[in-house]
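Subject: Structure handover

Hello,

Here is the structure I promised to pass on. Please open it and keep it beside this email while you read.

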Amino acid sequence: MSEFEPQIVAFFCNWCTFTAADLAGTSRLSYPHNIKIIRVMCSGMVDPKFVLKAFLNGADGVLIGGCWPGDCHYINGNMKARRRVALLTEVLKQYGIGEERFYLRWIAASEGNMLKEIATDMTSKLKQLGPSPLRNMGQMAL
Amino acid sequence: MPKFAKLSFKKDQLNKELSGFFKGMLENGAVKAVLVPMAQAKKGVRLTLVTSAAHTARVDPFAPIAAVSGAKIASSLTSRPSGRKVAMVLRPCEIRAVIELVKLKQANLDNVLLIGMDCLGRYENTDFAKFQELGGTSESFLENALAGKTSMPDFDIIGACKICEFPMADNVDMRLCAIGAENGSVFIEAVTGKGEEVLEKSDLKSGETPAGRDEAVKKLVAVRTGARDRKFAEYRAETNSFEALGDKLAACVNCYNCRIACPVCYCSECVFLTDTFRHTGEQFMMWADKSGMLKMPNDTLFYHLTRMTHMSLFCVGCGQCTSACPNSIDLMPLFRTCADKTQARFNYQAGRSVDEEQPMAGFESDELVEVTGQVK
C-alpha cells in the first residue's frame, strides 16, 4: 500500500508567507506537494469558516501563514488572526481536531527556508497521525 | 451598602403587592415605562411594556417562563432608544445577555433601570401552560422551588436552569429577592444609587434585611455548579468526536431557529442566509460527486460550528436554543460546553462586566505566544 499523503490547505498572506513560498521556489528549495496554497491578502482575513470548510471537506491539516507580529502589512491583521485561531482551536479541539492539525505560523518574506522546514515538518507529522477523523464521515460532514 | 425593603404578602396576594410597587414607580415618575412579565388576557405570561399606571394589575415577575429571551426585547427597546426612562424586570441570564449586547452596541442601558429577579428556573412554554392548568402560580412555584422541588407530574424546569450558577442577577440597579426570604415575603433590594432613589420615592420602608439570603444564594449556587460540572463531564464524554457531534445533530433540519432564539447571536444578517450559501445546482452536484451522495439540506455541521465561533464567547446558557428546536435537539449543553472552553481560553465570562472587552474586539502584541510557539 502506498504511503498516506495528507492534504494540507494553506492560507498564506500575500506579503510575507506567500512571498516566502515564492522565495523558496526561486531558491530551488523543494517542499512537500501536500501543501495546497491559497493566497490571501492577510492572515487576518482568514475567516474561521474557511478553516471549518476545509476540515469538513476532508483536509487533514490547515496551515495559516502570516507576517511576524509587528510586520503586518495592515499593521495588526496577524494579531487578530492569532485570537481567531485560538478561539477556533478551542472549538475544534473538543471534537478531535487540535493544534496537531491546525497551525498558525509566522513566516517572513525572507524566510523561504523556514517555509520549507514548517511544510516538511507538518507533512511528516500528519503522515504519522493519519487521516483526519472527518474523512470517515464522508458526505455527512458536508 | 445595599438597601432592602420587605414586601409581605398574604396568600395569593404576591402579584398584587408587586403591582403596587410598579404602579407607584409609574405614578411618582421614577420611570416612564416598565417592562415586566405580565399575565396575558387568556393565558400565558409575557414580558409587557407598560406606560400607564392603570395597567399594572396583572404583573407576574416570578412566573417560571421566558417565552423569548428578554435580552432581545431589551435590545429592540433600546438599540434605537426612545429617550424615556424604562424599568426592565429581567431574569439573570437575560441581564447577562443584555450586558453582551451593550458591548456589541445592540442595546443601551443609559435610560434603563435594570431590575433583576431571583430566578429559580423556568418551564418550557408548553409545560408552563400545563403548570397553569394544574393550578400552579408564581407563589406556589417559589415556595416549592425554594424547598428544592421544581418537578411537576410529567415535566420539570428546563435543563439549562438546572445547571445555571447564576440564580441571582448582577450588574443591576435593583433586585426582586425571593431566595432567603421567608414564605409570605419577598424583598426589593436597591443595589445602585439609581435603585436607591427609586426605592426612596416608593412608599416601601427600607430597613429589614433578609437574614439568610447570602447563605441561601451560596448554597443554591453550589448545588447548581455541582450539577453543571456533572452535566459537562457527561456531555463531553458523549460528544468527543465529530462523528458523535454529527449524531447529536442528526435531527437538525437547518431551520436556524436556534440562532433566531439566541439572544447573543449578534449578526444582523446571518451569513447562512446570504448569497454565499446560495449555491448553484452544479456546486451541489460536485459535492455529491465527491462521495457519490450528499445529505440535503447540507452544511449542518458547518452551521453549528460557525455559530460556535460566533456566539460561544457570549453564551449565557439561557437554553433558548433548546427551547426553540422543533426537532427536540438538546442544543444547550452543546453550546454551553463549548462556551465554557472558549470563554476560559480568554479568561472571559459572558455578562460579567460591561467594562470587560469582548475577546474578538481587541488584541495584544505579546499575548497567546503558544498559538504559534514561535519566538523571534
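Which strands of chain B does helix H7 (residues 193–201) lie across? Helix H7 of chain B lies across E1, E5, E6 and E7 of chain B. It runs at about 125 degrees to E7(B).

Some ground rules come next. This is a predicted model, in which local features need pLDDT of at least 70, side-chain atom pairs count only at pLDDT 80 or more, and totals for chains, interfaces and linings use all residues. Residues are numbered from 1 along each chain as its sequence is written, while chains are lettered from A and ligands numbered from 1 in the order in which they are written.

**Chain B overall**

Chain B has 14 helices and seven strands. (Helices, H or I with at least four residues, and strands, E with at least two, are DSSP runs numbered from the N terminus.) The radius of gyration of chain B is 22 Å, close to the 21 Å that the globule rule gives for 376 residues, so chain B is as compact as a globular protein of that length. (That radius is taken over C-alpha atoms, and the rule is 2.2 Å times the number of residues to the power 0.38.) Along its principal axes, the C-alpha trace of chain B spans about 70 × 55 × 40 Å.

**The sheet of chain B**

The seven strands form an open sheet in the order E1-E7-E6-E5-E4-E2-E3, with mixed pairing. (Two strands pair if DSSP finds at least two bridges between them.) Strand E1 (3–8) and strand E3 (45–50) of chain B stand at the edges, each with a single partner strand, so one side of each has no neighbour in the sheet. On average, neighbouring strands of this sheet are turned by 25 degrees against each other, direction ignored. (Axes are lines fitted to C-alpha atoms, for helices over the stretch in contact, and angles run from 0 to 180 degrees between N-to-C directions.)

Look at two pairings. Strands E5 (112–117) and E6 (174–177) of chain B run parallel and are joined by three bridges. There, Gly116(B) has Arg175(B) as its bridge partner. E2(B) and E3(B) run antiparallel, with six bridges. Pro37(B) stands opposite Leu47(B) in E3(B). The hairpin of E2(B) and E3(B) has five residues between the strands, and in it Gly44(B) takes a positive phi near 90 degrees.

Helix H1 (14–27) of chain B lies across E1, E2 (33–39), E4 (86–90) and E7 (185–190) of chain B. It runs at about 160 degrees to E2(B).

**Two domains in chain B**

Chain B is divided into domain 1 (3–228) and domain 2 (241–371). (The bounds come from an automatic or database domain assignment.) Their centres, taken over C-alpha atoms, are separated by 30 Å. In chain B, 22 residues of domain 1 are in contact with 18 residues of domain 2. (Contact means that C-beta atoms, placed from the backbone, lie within 7 Å.) On the domain 1 side, helices H2 (70–78), H3 (92–103) and H6 (159–162) of chain B are the elements that give two or more residues. H3(B) gives the most, with nine. This side divides into 11 nonpolar, five polar and six charged residues. (Ala, Val, Leu, Ile, Met, Phe, Trp, Tyr, Cys and Pro count as nonpolar, Asp, Glu, Lys and Arg as charged, and the others, Gly among them, as polar.)

**Where the chains meet**

34 residues of chain B are in contact with 34 residues of chain A. Helices H9 (242–248), H11 (281–291), H12 (300–311) and H14 (332–345) of chain B each supply at least two residues of the chain B side. H12(B) gives the most, with six residues. By class, this side has 15 nonpolar, 12 polar and seven charged residues.

**Chain A**

Four strands of chain A form an open sheet in the order E2-E1-E3-E4, and the pairing is parallel. Its edge strands are E2 (35–40) and E4 (102–106) of chain A. Five bridges join E1 (8–13) to E3 (61–66) of chain A. Ala10(A) stands opposite Leu63(A) in E3(A).

The axes of helices H1 (17–26) and H4 (112–129) of chain A come within 7 Å and cross at roughly 95 degrees. That makes H1(A) roughly perpendicular to H4(A). (Angles under 35 degrees count as roughly parallel, over 145 as roughly antiparallel, 65 to 115 as roughly perpendicular and the rest as oblique.)

Best wishes

Methods
Two residues are in contact if their C-beta atoms, placed from the backbone, lie within 7 Å.
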